[in-house]
Amino acid sequence: MRAGFPDFRLGNVLATSFTGTLSERHGDAVERIPTPHRLVDWLAVNGLAVDSCTTAQLDLARELRESIHAAATAAAIQDALPASAVQVINECSAQGRAAAILTPEGKRRWQLSSASCVEDALGVIAADAISVIAGERDGKLALCASPTCQAAFFDTSQSRTRKWCDMNTCGNRQKKARFHAGQRKNPGSAE
């Protein structure tokens, strides 16, 4: 991994993890794929290794990311899916060439050909987004309760009541804020 960039926020769902490459959308936004090489890094970490990426491919990746975010957000609040977002997701899915393979552990993994390009990897991400947004997987789309984040995430908890896209960042930040607010309210209670 290249130094000098914010860490990736890795999740269990490819499509929503991809939207997490831009975090704190309603605060001080953090871009986690600011360069083509950084997109190559993210794809490799997520099992979609490609050799290179151009600026135009990075722009396409960001367009897909924002389209997935828009569609997932609409689905989470049970609103109509934005037509432009649906179009971008569908186009990326149709352009990609990858094969689903079965691992010895009984899991599905995507395999790109040796000549794969960024568009093939984006096709896998788009297909994953379609599966999640269409409700084909066990879980539900939700929005992070952090007012500065509000990222769409896929909740697979048993009760489907998860509040945070990531407990280690947004959840802890909110817990600390509540704790410090309580400390200011009752300054002598910690003694």
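Buried means under 20% relative accessible area, exposed means over 50%, and partly exposed lies in between (1.4 Å probe, protein chains only). By that scale Glu-66, at 29% relative accessibility, is partly exposed.

This is a predicted model, in which local features need pLDDT of at least 70, side-chain atom pairs count only at pLDDT 80 or more, and totals for chains, interfaces and linings use all residues. Residues are numbered from 1 along each chain as its sequence is written, and side-chain values use heavy atoms, with hydrogens and water left out.

## Confidence and layout

pLDDT is the predictor's confidence in each residue, from 0 to 100. The chain has a mean pLDDT of 86. Of its residues, 88% reach 70 or more. Confidence is highest in α3, at 97. Helix α6 (residues 167–185) has the lowest, at a mean of 69. Where pLDDT is low, the predicted coordinates should not be read in detail.

Helices (H or I, at least four residues) and strands (E, at least two) are DSSP runs, numbered from the N terminus. The chain has six helices and six strands. Their order from the N terminus is α-β-β-α-α-α-β-β-α-β-β-α. Buried residues account for 39% of the 191 residues in the chain.

## Aromatic contact

Two rings of Phe, Tyr or Trp (its six-membered ring) pair if their centres lie within 6.5 Å; planes under 30 degrees apart count as stacked, over 60 as edge-to-face, and the rest as tilted. The whole structure holds one aromatic pair. The ring centres of Phe-18 and Trp-42 are 5.0 Å apart and the planes meet at 55 degrees, so the pair is tilted. Phe-18 belongs to helix α1 (residues 14–19) and Trp-42 to helix α2 (residues 36–45), so the contact ties together parts 24 residues apart in sequence. Phe-18 is buried, at 0% relative accessible area. Trp-42 is also buried, at 0%.

## Charges

A salt bridge is a side-chain nitrogen of Lys or Arg within 4 Å of a carboxyl oxygen of Asp or Glu. The count comes to eight.

| Arg-62 | Glu-31 | 3.8 Å |

The bridge of Arg-62 and Glu-31 links distant parts of the chain, 31 residues apart. Arg-62 sits in helix α3 (residues 55–76), and Glu-31 in strand β2 (residues 30–31). Arg-62 is partly exposed, at 24%. Glu-31 is partly exposed too, at 21%. A network of salt bridges links Arg-25, Glu-31, Arg-62, Arg-65 and Glu-66.

Arg-137 has two contacts to note. Asp-128 is buried, at 8%, whereas Arg-137 is partly exposed, at 25%. The other involves a ring: the charged end of Arg-137 sits over Phe-154, 5.7 Å from the ring centre. A charge counts as over a ring if NZ of Lys or CZ of Arg is within 6 Å of the ring centre and within 35 degrees of the ring normal.

## Cysteines

A disulfide is a pair of cysteine sulfur atoms within 2.5 Å. The count here is zero. For Cys-165 the closest cysteine sulfur is in Cys-149, 3.7 Å away, too far for a bond. Cys-165 is buried, at 18% relative accessibility. Cys-144 is buried as well, at 4%.

## Hairpin and backbone

Two strands pair if DSSP finds at least two bridges between them. Strand β3 (residues 99–102) and strand β4 (residues 108–111) pair in the antiparallel sense over four bridges. Ala-100 has Trp-110 of β4 as its bridge partner. Five residues lie between the strands of this hairpin, where Gly-106 takes a positive phi near 80 degrees.

Positive phi also occurs outside glycine. In Gln-78, phi is near 55 degrees. Gln-78 lies in the loop between α3 and α4 (83–95), and is exposed, at 74%. Gln-150 also has a positive phi, near 55 degrees. Its loop runs between β5 (140–143) and β6 (152–155). Gln-150 is partly exposed, at 34%.
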